[in-house]
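Open the model in your viewer and keep the selection panel at hand.

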Amino acid sequence: MRKVILYIAMSLDGYIADKNGGVDWIEGDGSNKGNEGSYGKFIDTVDTVIMGYKTYNQIVTELSPEKLVYEGLKTYVITHRKIENNKNVNFINGSIEEAITELKNNNGKNIWICGGAKIVNELIDMGLIDIICVSIIPALIGGGTRLFGERTEKYGLKFISSENYNGITDLVYELKK
């Protein structure tokens, strides 16, 4: 069965976006500029990317308006808006749990959850995320969108691996079910 993997960057103080929704602080410390880290290896393991509408909107209007950055991946956007699917993007506005479960049961590579925080926390609470990979960025941004909001339940994690490059530390955990 395919795994659902959260692969995301977070500031050392726990944020995935600054107070204005910006992500321009996501970079290493310059100590090893030639090392691209884990992204290249990771992206080869997935064929599907899932994100919330805010993340999608930021990508297509601000970060990469000229072309879809996840070209070649099946792209799904979770939204409450009624938006027609197009050749590049499928919009999920029904049951998130049913959609993710169906995708997990289909053949293919792993499934990447790339944002945002609300979607991530909903999927954790539904027990649908298998692996968490957080790239800790060497920055303290002081506020914005927290990756993990206030939790009402505790979740155990099993350490899988860590990697350091260019001042960034990737931490990989499996969620205990």
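Start by selecting Lys41. This is an exposed residue, with a relative accessible area of 52%. The model is a predicted one.

**Stop 1: from Lys41 to its partner**

Glu163 and Lys41 form a salt bridge, and their closest N and O atoms are 3.5 Å apart. Colour the two elements involved: Lys41 belongs to helix α1 (residues 39-43), Glu163 to strand β9 (residues 157-165). The pair links distant parts of the chain, 122 residues apart.

**Stop 2: Asp47 and Lys74**

Select Asp47 next, then Lys74. Their side chains meet in a salt bridge, 3.9 Å from N to O. Asp47 is in strand β3 (residues 46-52) and Lys74 in strand β4 (residues 74-78), so show both strands. The two residues are 27 apart in the chain. Is Asp47 buried or exposed? Asp47 is buried, because its relative accessible area of 16% falls under the 20% cut-off. Lys74, at 43%, is partly exposed.

Arg2, Asp47 and Lys74 are linked in a network of salt bridges.

**Stop 3: Lys104 and Asp130**

Move to Lys104 and Asp130. Here the side chains meet in a salt bridge at 3.0 Å, N to O. Lys104 sits in helix α3 (residues 96-105). Asp130 is in the loop between α4 (117-125) and β7 (131-137). The pair links distant parts of the chain, 26 residues apart.

How many salt bridges does a search of the whole structure find? The search finds five.

**Stop 4: the rings around Tyr7**

Select Tyr7 and Phe42. Their rings are stacked, 4.1 Å centre to centre, with 5 degrees between the planes. Tyr7 is in strand β1 (residues 4-11), Phe42 in helix α1, and 35 residues separate them. Tyr7 counts as buried because its relative accessibility, 10%, is under 20%. Phe42 also counts as buried, at 9%.

Trp112 lies in strand β6 (residues 110-115) and Tyr7 in strand β1, so the pair ties together parts that are 105 residues apart in sequence. Trp112 counts as buried, at 4% relative accessibility.

Now widen the selection to Tyr39 and Tyr70. Together with Tyr7, Phe42 and Trp112, they form one aromatic cluster.

**Stop 5: charges over rings**

Two more selections remain. Pick Arg81 with Tyr53. The charged end of Arg81 sits over the Tyr53 ring, 3.8 Å from the ring centre. Then pick Arg146 with Tyr15. Arg146 lies over the face of Tyr15, at 4.5 Å from the ring centre.

**Last view**

Lys41 is exposed, whereas Phe42 counts as buried.

Notes
Residues numbered from 1 in each chain as written. Predicted model: local features only at pLDDT ≥ 70, side-chain atom pairs only at ≥ 80, totals over all residues. Heavy atoms only, no water. Salt bridge = Lys/Arg side-chain N within 4 Å of Asp/Glu carboxyl O. Helix = DSSP H or I, 4+ residues; strand = E, 2+ residues; numbered from the N terminus. Buried < 20%, exposed > 50% of the residue type's maximum accessible area, 1.4 Å probe, protein only. Phe/Tyr/Trp six-rings, centres within 6.5 Å; stacked < 30°, edge-to-face > 60°. Lys NZ or Arg CZ within 6 Å of the ring centre and 35° of its normal.
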